Amino acid sequence: MTEPTRPLPNFEESDTAPFWEGTRDRQLRFQRCNDCDTVIFHPRRHCVGCLGHDLIWHDASGQGTVYSYSIVRQSYHPFFRQHVPYVVAWVDLDEGPRLLSNVVGIGDPSSDVHCGMAVRVEWEPHGDYAIPLFRPL
Amino acid sequence: MSVQQRDAAIVGIHEFPSRDVEGELSPLQIKAQSASKALADAGLTWSDVDGIYDAGEGGASGLTIAEYFGLSPTVIDTTNVGGSSYQFHAAHARRAIAASKARVALLTYGSTAHSNVSRIGTGGRGMGGYPADNLESFAGLTLIANYAMCARRHMFEFGTTSEQLAEISVATRCHAMRNPDAVRAMEDLEFLDIRETTVDDVVNSRMIADPLHLLECCMISDGGGAVIIAAPDVARDCRHKPVWILGTGEATKYPEGGADITSSAAVQSGPIGFGEAGVGPDEMDIAMIYDSFSITVLTILEDLGFCPKGEGGHWVEGGRLRFDRPSEGPALNTDGGGLSSNHPGMRGIFLLIEAARQLRGESTAQVEGAKLAVAHGNGGMLGSRHSAGTVVLGGD
């Protein structure tokens, strides 16, 4: 019987493929419009701030803060049910984008995670690609 | 007060009574049974229907739903925005009727989520196919944890407590215990220790996704229902007094850098709906608000203007939302809500049905002389992408 694995993205999905391509170099990428400076996340081909399409990819520093979080104690997903309790969080990158991810590398999730906590990206390799998780600074 | 437009009214309602069909009925069969009962309630029949509103949840599409019912409608609307689809349908039906494109609109809902053992809250599935899912599904966010993140941020910013959130569960259970269908639902779904609850009961129940406890989460039932909305001249000849649709608002909201998840799309839909109705939240006798979770209600009460943002926790304290305290504010979810009566996945239609019961004087937790109600649906996930549908209703 094969072990259930973390649900992986489709690394070739049209809008998000360049983001996942960046993870091969452990780069956390986001887009900014070259015409109006609007930060675009999740990735798209068009600017939502102006009518432009000239979006430039930037590498984020990987540092951010926990905007909010929950500790999942019940899951019926074949992979995640083996990992309860685990922390899901909205992480605000210093450059503006907000990512959904897990906070890892903590002791007791009931006391060791809080809103506003500083975190840094930590990569979980999957083949050449990697999933961006976050660990307290 | 501005002059209210009374263009369309709810004239027929039916809530499918069973919450556990034991796999013996399909969603489409529940929809059709509910439709015929709601038409009978109105004193109308199949051939009177010229507008169909359907979220597609039963498996039929805009191409096939009329065929299943055996109708030839001139208006077909298959809007699906999740659980609030029925608020959107009511808004669209009213507009179609006001424009003389339809005279009798049929809204139906059917689901066998319980029989199918759908793990709606804890299965960890994404929304399916939207590009952002491809950046989110790896994290194992359950639906409950999504809402829990709203609660956590609300606590962080405003000092809201689990005890305050529990007030919402306690009020809806108080109402459920007066509704025989809700009590039977809890029995059929094998709830333990079925009785009125206290704040302590709620905060001592098992944590599902911090900070949300078991008794702050809705049930997963089978079920369905139907609503008939008709033009004023039709409504005058129906069996019951019309329940007028006075105002409607629609909105969506989604994750963005810097977005505030302590507020929902109701901030946008509420003022549109109340503005069109020419009444304010302080005039509402009844608040039928989508109670997927305690935090959904607290957030939306604030967003609709019942109290200022951040003060909802204090505002709901002391049993304020009970049906027998009408001087203190609106009665909340007097059928027992999704928390304690009926939640087959998309509860929005029941908000319209119970609001109509109250304005007809037929609720099992009746507010004496109720004249105004708001039915507000939330679809999708409160902490990420979601929809808001506000429908303000008035008695005849």
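This is a predicted model: local features need pLDDT of at least 70, side-chain atom pairs count only at pLDDT 80 or more; totals for chains, interfaces and linings use all residues.
What share of the 137 residues of chain A count as buried?

**Stop 1: chain A as a whole.** Select chain A. Of its 137 residues, 36% count as buried. Its C-alpha trace spans about 45 × 40 × 25 Å along the principal axes. Switch to a cartoon. Two helices and eight strands make up its secondary structure. Step along the sequence and the pattern reads α-β-β-β-β-β-β-α-β-β. Among contacts in chain A with a separation of 6 or more, 48% come from residues 24 or more positions apart.

**Stop 2: the three-stranded sheet.** Stay in chain A. Here is an open sheet of three strands, in the order β2-β1-β3, with antiparallel pairing. Select 39-40 for β2 and 55-59 for β3 of chain A: these strands stand at the edges. Each has a single partner strand, so one side of each is left without a neighbour in the sheet. Next, select residues 29-33, strand β1 of chain A. Five bridges join β1 to β3(A), in the antiparallel sense. Pick out A:Gln31; its bridge partner in β3(A) is A:Trp57.

**Stop 3: a helix in chain B.** Move to chain B and select residues 85-98, helix α3. Check its length. At 1.5 Å a residue, its 14 residues should span 20 Å, and the end C-alpha atoms are 20 Å apart, which agrees. Is α3(B) mostly covered or mostly open? Mostly covered: twelve of its 14 residues are buried. Among them are B:Tyr86, B:Phe88, B:His92, B:Arg94 and B:Ile97.

**Last stop.** Select B:Ser100, which follows α3(B). Its phi is positive, near 60°.

Technical notes
Residues are numbered from 1 along each chain as its sequence is written. Chains are lettered from A and ligands numbered from 1 in the order in which they are written. Two strands pair if DSSP finds at least two bridges between them. Helices (H or I, at least four residues) and strands (E, at least two) are DSSP runs, numbered from the N terminus. A residue is buried if 20 or more other C-beta atoms lie within 10 Å of its own, exposed if 12 or fewer, and partly exposed in between; C-beta atoms are placed from the backbone. Two residues are in contact if their C-beta atoms, placed from the backbone, lie within 7 Å. The expected span of a helix is 1.5 Å times one less than its number of residues.
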